[in-house]
Amino acid sequence: MLTALYVPANRPDRFAKAVAAGPDLVVFDLEDAVPVDDKAVARGWAVAWVAARATGAFEVRVNAPGTPWIEDDLAAVAAVPSVRLRVPKVESAADVRSVLERVPGAKITALIESPLGLEHAFEIASADPRVVAVALGEADLASSLGVDGPEGLAWARGRLVSASRAAGLGAPMQSVYPHVNDEEGLRRTCLEGRALGFVGRTAIHPRQLAPIVECFTPSPTQLADAAALLAAVEKAGVAEGGVIVLPDGRMVDPAMLGRARELTALMQQIESRQV
């Protein structure tokens, strides 16, 4: 999964447009994008849409644990089989389990948006097999940490990548880029996230989707190197142990195979999106 696109749940006129934009996942937002007076009607619209389209790739971002709306959110989505939930401001495994007790059939993306949540990142990521992803809520996290700019979040981003990988969830998706009209900034920050180990990104506008896919697509050089490495290892028969030297002088051992296979699989995924 390379792209997810938020759509405000109080704007049903945008639901079909969000799907037509072609993200891998559409996230119906009941939280930040929805004014308090619209929470109830937005909940009804989003749940009805998802329930009527069981085969779609949809996720509902409910309101945070401890808010006045979370119980009604969970009661509504519990009626949708195999619903995906994006749960904000998760700070512990107990927060995850509390949601799953109310919606046992759910799969969860846990948003980590506080210093306490960050300290418990691995605990959250490994809380239950129904946790399928973790992600940062960077605006809230930056405010809580008292930091400005990407440098202040670098450690948090690396921590999340490590926790996600350690829990067996693979590479996490990068958080949103809030400046809709700044494609150059979007691309620059995507490449920064890619260097830190993120794969894919959540968007807040359809025009952000294509640049995100382009930035996270492996380069021809990366793919050629991966293919050469895998072919050389297979030919030499050292996949289970041993070392070989490639024609360009690089020394290769089985520990390097994982990255090569991952790049190859990612490219296959990207190509399958275009069919």
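Helices (H or I, at least four residues) and strands (E, at least two) are DSSP runs, numbered from the N terminus. This is a predicted model: local features need pLDDT of at least 70, side-chain atom pairs count only at pLDDT 80 or more, and totals for chains, interfaces and linings use all residues. Residue numbers start from 1 along each chain as its sequence is written, and side-chain values use heavy atoms, with hydrogens and water left out.

**View A. The second largest pocket draws most on helix H12.** H12 supplies 6 residues to the lining. A pocket is an open set of points on a 1 Å grid over the protein atoms alone, where a 1.4 Å probe fits, with protein on both sides within 12 Å along at least five of seven lines; lining residues have an atom within 4 Å of a point. The space in this second largest pocket comes to about 570 Å³. A volume is the space filled by probe spheres set on the points, with grid points joined across faces, edges and corners. Its lining counts 30 residues, and Met1, Ala171, Pro172, Met173 and Val199 lie nearest the centre. Strand E4 (84–87), E6, helix H8 (154–166) and helix H12 (257–273) each give at least two residues. By type, the lining holds 17 nonpolar, 6 polar and 7 charged residues. Here Ala, Val, Leu, Ile, Met, Phe, Trp, Tyr, Cys and Pro count as nonpolar, Asp, Glu, Lys and Arg as charged, and the others, Gly among them, as polar.

**View B. The largest pocket is lined by 41 residues.** Nearest its centre lie Ser175, Val176, Tyr177, Pro178 and Ile204. Elements giving two or more residues to this lining include strand E1 (3–8), helix H7 (138–145) and helix H9 (183–196). The volume of the largest pocket is about 860 Å³. Its lining divides into 19 nonpolar, 8 polar and 14 charged residues.

**View C. Arg61 and Glu113 carry the UniProt annotation "binding site".** The entry is unreviewed, and such annotations may be inferred rather than shown by experiment; positions follow the numbering used here and feature names are shortened. The two residues are spread over 53 residues of sequence but cluster in space, with a largest C-alpha distance of 13.9 Å. The lining of the largest pocket includes Arg61 and Glu113.

**View D. Arginine 61 lies in strand E3.** Its relative accessible area is 8%, so arginine 61 is buried (buried is under 20%, exposed over 50%, partly exposed in between; 1.4 Å probe, protein chains only). Beyond four places in sequence, its contacts include Tyr6, Asp29, Arg86 and Leu111 (contact means heavy atoms within 4.5 Å). The side chains of arginine 61 and tyrosine 6 form a polar contact of 3.3 Å. A polar contact is a pair of N or O atoms within 3.5 Å; within protein, one must be able to donate a hydrogen and the other to accept it, and residues adjacent in sequence count only if both atoms are side-chain atoms.

**View E. Glutamate 113 sits in the loop between strand E5 (107–112) and helix H5 (115–119).** Glutamate 113 is buried because its relative accessibility is 5%. Its side chain reaches the backbone nitrogen of lysine 89 at 2.8 Å. Among the residues that glutamate 113 touches, leaving out those up to four places away in sequence, are Pro88, Gly137 and Ser144.

**View F. Threonine 109 lies in strand E5.** Threonine 109 is buried, at 2% relative accessibility. A polar contact of 3.4 Å links its side chain to that of arginine 84.
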